[in-house]
Amino acid sequence: MCGIAGVLLAAPRFEALGSIQRMTAALHHRGPDAGATFVDEAAGIALGHRRLAIIELSERGAQPMHSADGRYVIVFNGEIYNHLDLRHELETRGAIAWRGTSDTETLIECFAAWGVAATLKKSVGMFALALWDRRDRRLTLARDRFGEKPLYYGFVGQGQATALAFGSELKALRAFAGFENAIDRDSLALFLRYSYVPTPWSIYRDVFKLEPGAILEFASSEVAQRTGNVEKYWRYEDVVAAGLANQIHDESLALNQLEHVLSEAVGLQLVADVPVGAFLSGGIDSSTIAALMQARSSRPIKTFTVGFDEAGFDEAPHAREVARHLGTDHSEIRVTPEEARAVIPNLPAMYDEPFGDSSQIPTSIVCAAARREATVALSGDAGDELLGGYNRYVIGPRLWRGLSKAPAAWRGIIGPGLGAIPDGGWAAMARLPGLGKAVAPFRDKAYKLGADLGAMNSADDLYRALVAEWSDADAPVLHAQRRATRLDDLSFASMVAEPTQRMMLLDGLTYLPDDILVKVDRAAMAVSLETRVPLLDHRVAELAWRLPLSMKVRDGKGKWALRQILYRHVPRELVERPKAGFAIPVGRWLRGPLRDWADDLLSQDRLKSKNYLDANVVGKLWSEHRAGTRDWTARLWNVLMFQSWLESSEHRRLH
């Protein structure tokens, strides 16, 4: 795992190329083991690399790396798990004088032999990379299928002074000489709505995220016109369509195939020349990955969990029991509320653009704990999106079936009323016999759905409301225009007729790469920890979509198929409990120990001086939340993360 950066100029300028040292240094945390650059002043190209050595620890794995024929130069962040198979295939076509054993060398020689797209289609892995063709003076950027590894690119300057700058994180682009790109208010509105800035946008104007499964090519002559060519070498929608057209209806066969393919993915991802462990929360996903890891290991694997001293938020006892049953070498780190809150000031620099998923706090803590004993950690991420784990997959269709029976006008009347019920009202209903379990999750949904209920025409409208914190009508960003995202594109609706499966597809295209994978990547790389996600081996995803929905959501629970696999390794009673997520009591903290911090960031004077957010709207939410009449945790946390990021970015720019 590493950090990459670079710049391609419309016209060579030595001072601009000199920025590569600062850009690379800004990514030191992603690769503390080594760093180097490649500069060709005449061609107007500079590449930088920071290395976290995982495979081939010697200098033979150093980057930037040149192909044996001298034509190509690569900087690469990630892992190609099947690179030995690719080497063997390449060797069958002629002798190769390999210099080392790194997957980077495998990749660049495959590019030289087969081309970029053909090689990436054969590759199993996670990556972001830049390849410079010295002969044709052409730059290629590429990203893995699901977007496990980040890659930003953007334009600085105008005309012949334009530079194409790119990097693993925005901090590398900000280090480029002359970077003064303004905050994009339309992107800010998207952030407040979804708690992340959706791909391909970023928080800055003229800066973008390369889409997962994409290749972007630029020649120097195309930089000034900003006319690079984008090619998709893999599309998640195509995987979904193929899976739905070729379903496996034999449950025993489906489960056996799923366990085999997932176990093989785990085996590939265990390969490293450094210590490897796993996150273990005691839930279905992480327990399954840990069980399959332990089944493949002759010694106890290392597992990590964090215990929180907050009532109702501590899953450590569940993880402890699973670890004891599996026989893992388990590390449990207890964290006090004070220690958890101490992470918050570090979040703006860690995430580098506004990011509002508050589970970033425990994620950063568990990553730091794991790094003390391992350099690589496997996670159970993506089980929800692939195998139907989110509560909305169960609640959403049921809710729409009920709502759709009511006239839109009636829904338009009751919607705002539901959203206006104070916290005390929900608490009173939760105490009524038989209503407690139903009321708790619906309270948060009602706040989200309230104003939009009357305008909904389909289950897709309901889904978009469930995943959004603000509607178009009430987002408080000043002078912003509505910008369409993948969530607005239902061109595949005829291909995926079932609403729950459309939710799963959209989550895989949006929430997974832009929230879940970002959350883990930034938290892990901040402490130089590589994370791997076996469920995102694309062959696992392809098989998962061949399973009928009934093998995913059954009897009011998600991930049925994954549960059956886990029960082969762990007793059901150790893992069967309501889905809790990776949460901490941020809302309660905002009314207590974080109140002064929030008061400062949300003060009317500060909001008005920055002129990004409507101070009156934000002030009303904060007043209601402090008083306990409404729970605006998610909305306020997004605002606080932007305000905190804004303050941090301005400080970094001044220094």
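The sulfur of Cys110 lies 18 Å from the closest cysteine sulfur, which belongs to Cys2, and this is too far for a bond. A disulfide is a pair of cysteine sulfur atoms within 2.5 Å. The sulfur of Cys367 is also too far for a bond, because its closest cysteine sulfur, again in Cys2, is 17 Å away. By this rule the count of disulfides is zero.

This is a predicted model, in which local features need pLDDT of at least 70 and side-chain atom pairs count only at pLDDT 80 or more, while totals for chains, interfaces and linings use all residues. Residues are numbered from 1 along each chain as its sequence is written, and side-chain values use heavy atoms, with hydrogens and water left out.

Cys110 has 0% relative accessibility and therefore counts as buried. Buried means under 20% relative accessible area, exposed over 50%, and partly exposed in between, with a 1.4 Å probe and protein chains only. Cys367 is buried too, at 0% relative accessibility.

Now turn to the strands, which are DSSP runs of E with at least two residues, numbered from the N terminus. Six of them form an open sheet with antiparallel pairing, in the order E2-E3-E1-E9-E8-E10. Strand E2 (34–40) and strand E10 (207–209) stand at the edges with a single partner strand each, so one side of each has no neighbour in the sheet.

Two strands pair if DSSP finds at least two bridges between them. Strand E8 (residues 152–156) pairs with E10 in the antiparallel sense over three bridges. Gly154 has Val207 in E10 as its bridge partner.

Notes. Helices (H or I, at least four residues) and strands (E, at least two) are DSSP runs, numbered from the N terminus.
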